[in-house]
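Here's a quick tour of a protein model, written for someone just starting out. Have a look at the structure first, then work through the notes.

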Amino acid sequence: MIKKSAATAPIKDVDDYLAHVSPEARATLEKLRKTIKAAAPMASEVISYQMPMYKHHGMLVGFAAFKNHCSLFPGPAVMERHQQELKRYDTSKGTIRFPVDQPPPAALVKKLVKARIEENEARAARRLRSARGR
């Protein structure tokens with residue numbers, strides 16, 4: 001959970017976001033950030049809905065800290081395809097929740113990010129083909 005109040009300026013970037021979460025959550029989210037950036041070096045870091053997000057041909061993944069947990073947001077289609085690997089986590093449509101000090105393994109995060117990259121690139125290619133066909 002970020003410490004900024006609603007009356008303060010909005011979060012500017014991921015570094016600003018991380019500066020406003022608890023030290024425990026910050027350590028976990030910095031690990032996630034490093035893993036995401038390694039899996040998707042072409043992705044741009046943005047703040048959307050006051051949370052860090054990574055975009056490449058659309059949203060890839062996001063993450064956030066909350067009072068009693070952290071979350072990773074890879075989207076519902078990827079989660080459905082990897083539901084066996086996500087069984088140990090508290091999940092809902094498009095969201096993986098985990099204890100602040102127990103992030104998902106880097107290998108799983110990379111797998112989810114790469115699956116999102118494939119989805120987004122396939123969608124972008126379909127759009128391009130459709131636009132050329134007009």
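Let's start with helix H4, which covers residues 106-133, in what is a predicted model.

**Helix H4, inside and out**

- Quite a list of H4 residues is buried: Leu108, Val109, Leu112, Val113, Ala115, Arg116, Ile117, Glu119 and Asn120.
- Here's a handy rule for reading a list like that: an α-helix has 3.6 residues a turn, so residues three or four places apart point the same way.
- What covers the buried residues of H4? The cover includes H2, E3, E4, H3 and E6.
- Glu121 also sits in helix H4, but it counts as partly exposed because its relative accessible area is 37%, which lies between the 20% and 50% cut-offs.
- Leaving aside residues up to four places away in sequence, Glu121 touches His56 and His57.

**The largest nonpolar core**

- This core has 36 residues, and the ones touching the most other members are Tyr17, Leu29, Ile36, Phe63, Leu72, Ile96 and Val113.
- Helices H1 (14-19), H2 (23-39), H3 (76-81) and H4 (106-133) are among the elements that give two or more residues to the core.
- Strands do their bit too, with E2 (51-55), E3 (59-65), E4 (70-73) and E6 (95-98) each giving two or more.
- H4 supplies the largest share of this core, with six residues.
- Which residues does Leu29 touch, not counting those up to four places away in sequence? They are Tyr17, Leu18, Phe63, Ala64, Ala65 and Cys70.

**The loop between E1 and E2**

- Tyr49 is in the loop that links strand E1 (44-48) to E2, and its phi is near 55°, a positive value in a residue that isn't glycine.
- Is Tyr49 buried or exposed? Tyr49 is exposed because its relative accessible area is 73%, and the cut-off for exposed is over 50%.
- Gln50 belongs to the loop between E1 and E2 as well, and it has a positive phi of about 65° despite not being a glycine.
- With 36% relative accessibility, Gln50 counts as partly exposed.

How values were computed
Residues are numbered from 1 along each chain as its sequence is written. This is a predicted model: local features need pLDDT of at least 70, side-chain atom pairs count only at pLDDT 80 or more; totals for chains, interfaces and linings use all residues. Side-chain values use heavy atoms; hydrogens and water are left out. A nonpolar core is a set of buried Ala, Val, Leu, Ile, Met, Phe, Trp, Tyr and Cys residues joined through side-chain atoms within 4.5 Å. Buried means under 20% relative accessible area, exposed over 50%, partly exposed in between (1.4 Å probe, protein chains only). Helices (H or I, at least four residues) and strands (E, at least two) are DSSP runs, numbered from the N terminus. Contact means heavy atoms within 4.5 Å.
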